[in-house]
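The following note concerns the aromatic and charged side chains of the model shown below.

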Amino acid sequence: MPAHHEMRILPYTPAQMYALVTDVARYGEFLPWVSAVRVRSDSETEMVADLIVGFKALREKFTSRVVKVRPGSVHVDYIEGPLKFLTNDWRFADDGAGGCVVDFSVAFAFRNRIFEALAGQMFDHALKRMIGAFEARADALYGSNNSSATKAA
């Protein structure tokens, strides 16, 4: 089962990073491979959303439940789609210097072992692109006070 965990220090506040990550409706504007988003329900503490993710002719719909705890964490649980399992956690903490420690983890498993093997080969590259897209979006929305955001990528 592919899994990844990493921490980054970024020059944005926990509240800014929380707002960016919970703005799922705008993921299609900046995340690679996300071609459409439909938010089914949204409240202060929970969201259910569909993402259409694709590459070339392959398109899949993923439905997830997003549990939001402002401004410190976001937990994503997979509901429906081509995977057997998916969980994703974001934690945001003040770094004491005006920035934010972002603690990110993701784990998933495909129903099909062949897809699992193929995903394992591309997982690191795809994850780096997605993390980079979140960082670039933060820079576009909030500006960059510190070059460490790009150096950490």
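1. Rings of Phe, Tyr and Trp (its six-membered ring) are paired if their centres lie within 6.5 Å; planes under 30 degrees apart count as stacked, over 60 as edge-to-face and the rest as tilted. One aromatic cluster consists of Y27, F30, W90, F92, F104 and F134.

2. The model is predicted: local features need pLDDT of at least 70, side-chain atom pairs count only at pLDDT 80 or more, and totals for chains, interfaces and linings use all residues. Residues are numbered from 1 along each chain as its sequence is written, and side-chain values use heavy atoms, with hydrogens and water left out.

3. The whole structure holds eight aromatic pairs.

4. Nine salt bridges are counted, each a side-chain nitrogen of Lys or Arg within 4 Å of a carboxyl oxygen of Asp or Glu. E29 pairs with R137 at 3.2 Å between the closest N and O atoms. E29 is partly exposed at 49% relative accessibility, whereas R137 is buried at 15%.

5. D50 is buried, at 5% relative accessibility. Its side chain forms a salt bridge with R38 (2.9 Å, N to O) and another with R40 (3.1 Å). R38 is partly exposed at 47%, as is R40 at 41%.

6. A network of salt bridges links E6, R8 and E135.

Definitions and conventions:
Buried means under 20% relative accessible area, exposed over 50%, partly exposed in between (1.4 Å probe, protein chains only).
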